[in-house]
Structures are given as structure tokens and as C-alpha cells.
Amino acid sequence: MINERMLGLGKQPNPIRVQFAYGLQRKAEIGEENVYDLSIGNPSIPAPPEVRARIEELLQEPPQQLHAYSMAAGLMNARQAIADNLRERFGIPATAANVYFTAGATAALYITTAAITHPGDEVIVNAPYFTEYKVMIETAQCTCVEVPMRQTDFQLDIDALREAINEKTAAVVINSPNNPVGCIYTQQNIEELAAMLSAKEEELGHPIYLISDEPYREITYGKEVPFTANFYRDTIVCYSWAKSLSLPGERIGYIYVSDNMPDAADVSAAVGGAGRALGFICAPVLFQRVVETCVGLSTDVEAYARNRELLCGILDDLGYDYIEPDGAFYLWVKALEDDSQSFVDKARSHDLLLVQSDCFGVPGWARAGYCVSADTIANSRKAWAALKADYE
Ligand code: PLP
């Protein structure tokens, strides 16, 4: 018999992907330039040229060597390159043994959750949060506990998190720079989180892991992103090159179990076990080899910065309320009515494709992704204006 939960997930896909699919169809009908598709986080900036050069270089190798399986956790040289990069950039004593290559951040998150939870545990997320966290937590047969971020400054609400933690709490998931809000948690905020979690670990007598989901680590507009593992011992980093090297379709990322963790070897072994149990072994090998040499590169953040200015300017002119993003490439706009879905549907009638906020765990907002061409943003002005006019 078909699994009812899986049937439900399949029949009710992620609203981001629903809008994205509609956008493709609509572009075919009325022309690409007439649809302002701000729905999905597909980077508009091409991967740095070194990525293509490296692929071309690798393609000269004998295919049976190039396309062979790697070890389940990845190629040792590539894992070493990631560990070296983490050590050089953040001063953490990273070792290759605690790096596990994955098919993007999604696989990293699923593996990590499976590795450190038991059915019936609770995993805390900070709302608004990336839509798929809930699916991932429930797939591990755990309860997804939503704690709202502080509404004043979109920082972690340490008091509310403390309140939410109990003997069933296995982990807290954070994501900074954040999808969908674009906020970055300050060092002070992370330090307060770390102090609170350490005290709770002590009180409860078991680890509370911090899952730090960092696919937007390099996409920032001037603010520092504290490296979480330097502040909290029991941190597991989930990373992806989907955004930082514009390689979303290549499915390449990693898990890094902090070397500061006293039981890092066992946690890494459990990560390996969860990878095996879930079938997430031997991440795409060609791209392990690419990131081995390209790990120090980044995308052209300036282009996103210009898009951000452009979109904020349009929304300012038209009188929309929004949160000015410090990182990632999403803008969190206040919907002009309580019902976010209805707001997004009205936007769609003007061929402006946004994502409703309920799927991020919060009512009354919408997400606009500005990882599109500057022309798309400039041309979307009339759609934003028409949407505003619908409410006047
Ligand atoms: N986490 C966050 C916050 C994201 O925004 C995304 C993708 O947009 C992911 C995880 C998934 O990343 P990947 O495509 O590498 O699986």
C-alpha cells in the first residue's frame, strides 16, 4: 500500500516549486520577459569561470577513473581541502575525518537529523524557516517545534528558545544568512544562544546539537557572519555550493561535525551510518573534485547587492513594508492582507511570482527572491504597482 504521508507530500508539493512550475508554463505562454518570477532560489549569477575550467581539465582524465565511486564520505583529498579551508578561514581545528560530502544541503540536513535523533524527539526551528525543515524532521519521526524569531529585529529569541527546550529536545536548527528573511544572526546573538544551550545541556544531562544550515554563508552585504562552530561546541554545519558557487543543480555540499565536540568521532560515525541508511553515500564525484580546488572561490555578490538595491528602491517608492536583507538573496515583504496566499495569488494575476509565508511557518508575509536578472526586477515595478493598486 502507498505510504499516506508520502502520497500527501507528493500531491501537495512545496509551494515554492508550485510557483516555479507555474512560472515556466507562463513564460512559455506569454514570453519570458513578461513574467517576474521571484519564486525560487536559482542563482542568476553564473558559476565563476574557474569552475568550468576545472571541469574541462577533469574531463581529460580516463573516464573509469573520473567517474568511479568515492568512499561513502567522499574523496580523502577533497575532504582534506574542505577541512583546510575551514581551518584557514575560521581558525577551527577541522580535520578531514569530520567532513562528509553530500548531495547538497538537503542531503546534509536529512543525514544530520537522522544521525542525532530518535523517534519521538523534538527538533526546534526558528520561524520563519526554510520550508523543508519540517518535512525533514517529521521524516525522522520527530516533532518540529517552531519558535518565532524576535519580530523587532529578526534575531534568535533566546528566552523563547530556552522555554521550548525540554528533555526531548535533540537539536536546534539555525540558518544564517537566512532564507526567507535575509537576516544574519549577530555574534552576540550566537554567543547568547551558545551560553543558553550549554546551560541546558548541563541541566538535562544530554547533548543538544546545533544544526547550522549555511548555504548562504558567503552571500552578505557588509555584515559579518559568525562561524557558529567557533561559539558552540556541539555544532554540526550543513553546507552547500548551490548558492556560493551557483551550482544548485549539481547537488554538492557537506556536513562538518565540529572537531571541538568531545564525541566528534562517534557523531561522524553516526553521520556515516545515517548516510548509509538513507542511501546518501558518495556524493557526485566530479563535483567533489571541482570543489576540492574551487572551495576558496565565491560568486559575484555585488550583482545580488545591486538587485537588492533595485528591489528595495521599487518597494520604497510604492510604500511596501519589508525587512531589509543583510544576506542571502530573498526579501521578506509584508503582505497587504492577512491571508498571504490570497496576496500571492493577486500578485500572480499580475505575473509577479512570490511565495506565500505560511510554508515558512509564519502568516501575513511573502518572499521575493532577487536572484534574477536586474531587468526582471526593474520590469517588475509595474506588477508591484498594480498589486498595490488592488488594495487601494
Ligand atoms: N537550506 C536552505 C536555507 C536553503 O535555502 C536551501 C535551498 O534553497 C537548502 C537548504 C537546500 O540546499 P541544496 O539545494 O544544496 O540542497
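Student: Which residues of helix α14 (residues 340-349) are buried?

Tutor: Helices here are DSSP runs of H or I with at least four residues, strands are E runs of at least two, and both are numbered from the N terminus. Buried means under 20% relative accessible area, exposed over 50%, partly exposed in between, with a 1.4 Å probe and protein chains only. In α14 the buried residues are Ser340, Ser342, Phe343, Val344 and Ala347.

Student: What kind of model is this?

Tutor: Residues are numbered from 1 along each chain as its sequence is written, and side-chain values use heavy atoms, without hydrogens and water. Local features need pLDDT of at least 70, side-chain atom pairs count only at pLDDT 80 or more, and totals for chains, interfaces and linings use all residues, as this is a predicted model.

Student: At the start of α14, which backbone nitrogen does a side-chain oxygen of aspartate 339 reach?

Tutor: A polar contact is a pair of N or O atoms within 3.5 Å; within protein, one must be able to donate a hydrogen and the other to accept it, and residues adjacent in sequence count only if both atoms are side-chain atoms. The aspartate 339 oxygen comes to within 3.1 Å of the backbone nitrogen of glutamine 341.

Student: Is serine 244 buried or exposed?

Tutor: Serine 244 belongs to helix α10 (residues 241-244). Its side chain makes a polar contact of 2.8 Å with that of tyrosine 239. The relative accessible area of serine 244 is 1%, so serine 244 is buried.

Student: Which helix gives the largest share of the shell around the ligand?

Tutor: Both α6 (104-116) and α10 supply at least two residues of that shell. Three residues make up the largest share, and they come from α6.

Student: How much of the ligand's exposed area does the protein bury?

Tutor: A polar side-chain atom of tyrosine 216 lies 2.6 Å from a ligand oxygen. For arginine 251, a side-chain N or O atom is 2.7 Å from an oxygen of the ligand. Areas come from the Shrake-Rupley method with a 1.4 Å probe; for residues, only the protein chains shown count as cover. Alone, the ligand exposes 390 Å², and the protein buries 92% of that.
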